[in-house]
Amino acid sequence: MSDQKLPPLAAVPDEKGFFGPYGGRFVPEPLVPPLEELTAAFMRYRDDEDFQAELAREYLAYSGRPTPLYHAERLSAHLGATVLLKREDLNHLGAHKLNNCLGQALLARRMGKQKIIAETGAGQHGVAAAAVAARLGLACDIYMGEEDMRRQSPNVTRIQLMGARVIPATSGDKTLSNAVDEAIGAWVAEADTAFYLLGSVVGPHPYPLMVRHFQSIIGQEARQQVLEQYGRLPDLITACAGGGSNAIGLFHAFLGDEEVRIVGVEAGGSGVETNRHAATLTTGTPQVIHGMNTYCIEEGTVTAGGNHCIAAGLDYPGIGPEHSYLKDLGRVQYEAVEDRDVMRAFETLCRLEGIIPALESSHALAWLEREKADLLPDQLIIVNLSGRGDKDMDELIRRRNQALGDEAGPPTRLFC
Ligand SMILES: *Cc1c(COP(=O)(O)O)cnc(C)c1O
């Protein structure tokens, strides 16, 4: 915990987008006017009853919300606590990302924009952005590193099927950060008619605030559901953190409840002491990146390019500025878990509950598994199951064959 004096939780972010010392808007001059226009529109519509009703209808009928808060009985027996899964995997497209994309796309339409611009690394955000653009009849350009297009080719097909263009980013190492640069360049050129749809609680103000706003439906529902089903608040809530949107989405409604312990789980990859991980808050230092001040993994401490952890959705060197603030404040505890523990936790949920979780979400399960000895039967725990794991099959089979050899036979057991 730093010894800076931090403002209370209710006052963040301030009108400039600062969460204590984190966040803000560190961007080149041409980006200021479109960001100002976006901020004004968001502030205007976020409390507009018509807009809220429209978003509620989309959540209900298009995405399938509210998602269940599910008592995982066999996992509970295994862990020795009462474990509830917030089933974001049951959203349309299989993850929480649509919560945010629907909100931003409806805002784009209110602003009279005709095109959605987005960048994507693993492709999941690109798929969700393409879907909402199709749903609302907006044009859509998805920027994707050429190397990522090769690695994530099924998502390229999905995006194209829904009528969006995939524009390859060919600069640098042809991955996410190059796609970001090229997408931002396109936005500056087309800001009158285009809306930049960002996928996590990162980037310059107002994105960390706006994406939190649209994702906080997760925690609002979970809080109401746990009170209805158990008559009390949970003892512990946990979620995986890449950029941090599913995590803050669950956490936000509980931040004021001091009795609720909150844990965010980062990707420890091959181990935080190695050069292959994405454990930003565990190992990083505050820096300015992607338009914000936030904790970031220092250049040179991990290998450039390639995969830093098993879950592509968590492979980001920064993190949302609000998480940096909550870490310093001590309100949220951040932990890192390693790939091999993630794979075991993944397989445990498959076998005990008949639910195939995303490898990202499996990080939160792996941390609980590590805590097993300290859990108590009447302890009420909510885990955010941010997405489903169908997208991860190829990666899992590849790793298993690497570990066991191609002669290992059918994957009745992957790792355990
Ligand atoms: C994208 C993704 C994440 C990581 O993004 P956050 O902004 O940290 O939530 C986590 N889980 C799933 C299933 C994802 O698709």
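How far is the sulfur of cysteine 140 from the closest cysteine sulfur, and which cysteine holds that one? I began my notebook with that. The model I'm looking at is a predicted one.

**Entry 1: cysteines**

I found the closest cysteine sulfur to that of cysteine 140 in cysteine 101, at 9.1 Å, which is too far for a bond. A disulfide is a covalent bond between the sulfur atoms of two cysteines. The cut-off I used for the sulfur pair is within 2.5 Å. I then searched the whole structure and got 0 disulfides. Cysteine 296 is in no disulfide either, with the nearest cysteine sulfur, that of cysteine 309, 14 Å away. Buried or exposed? I checked cysteine 296 for that and it is buried, with a relative accessible area of 5%. For cysteine 140 I also read a relative accessible area of 5%, and cysteine 140 is buried.

**Entry 2: the sheet of 4 strands**

Next I traced an open sheet of 4 strands, and I noted its order as β7-β6-β5-β8, with parallel pairing. At its edges I have β7 (165–169) and β8 (194–196), each pairing on one side only. Neighbouring strands here are turned by 25° against each other on average, direction ignored.

Strand β6, residues 139–145, runs parallel to β7, and I counted 5 bridges for the pairing. Aspartate 141 has arginine 165 of β7 opposite it. Then I looked for a helix on this sheet and picked α4 (residues 97–110), which lies across β5 (115–120) and β8. The angle I got between α4 and β8 is about 155°.

**Entry 3: the sheet of 6 strands**

Which order do the strands of the other open sheet take? I wrote down β3-β4-β14-β9-β10-β13, 6 strands with mixed pairing. β3 (69–71) and β13 (333–338) stand at the edges with a single partner strand each, so one side of each has no neighbour in the sheet. The twist I noted averages 30° from one strand to the next.

I followed β10 (residues 261–269) to its partner β13 and found them parallel, joined by 6 bridges. In this pair, valine 265 sits opposite glutamate 335 of β13. Helix α10, residues 217–230, packs on this sheet and touches β3, β4 (82–87) and β14 (380–385). I got about 140° between the directions of α10 and β4.

**Entry 4: nonpolar cores**

How many residues does the largest nonpolar core have? I got 90, and those with the most contacts inside it are Leu107, Trp187, Phe251, Phe254 and Ile382. Both domain 1 (29–60 + 97–212) and domain 2 (65–94 + 216–408) give this core at least three residues each.

I took leucine 107 as my example. Leaving out residues up to four places away in sequence, leucine 107 touches Leu38, Ala41, Phe42, Tyr45, Phe51, Phe195 and Met210. I also noted a second, separate core of 35 residues, with Ala81, Cys240, Val265 and Leu375 among them.

**Entry 5: helix α13**

My last stop was α13, residues 321–329. There, 7 of the 9 residues are buried, so the helix is largely enclosed by the rest of the structure. My list of the buried ones reads Pro321, Glu322, His323, Ser324, Tyr325, Leu326 and Asp328. Just after α13 I spotted glycine 330, with a positive phi of about 80°.

Definitions and conventions: Residues numbered from 1 in each chain as written. Predicted model: local features only at pLDDT ≥ 70, side-chain atom pairs only at ≥ 80, totals over all residues. Heavy atoms only, no water. Pairing = 2+ DSSP bridges. Helix = DSSP H or I, 4+ residues; strand = E, 2+ residues; numbered from the N terminus. Axes fitted to C-alpha atoms, helices over the stretch in contact; angles between N-to-C directions. Contact = heavy atoms within 4.5 Å. Buried < 20%, exposed > 50% of the residue type's maximum accessible area, 1.4 Å probe, protein only. Core = buried A, V, L, I, M, F, W, Y, C linked by side-chain atoms within 4.5 Å. Domains from an automatic or database assignment.
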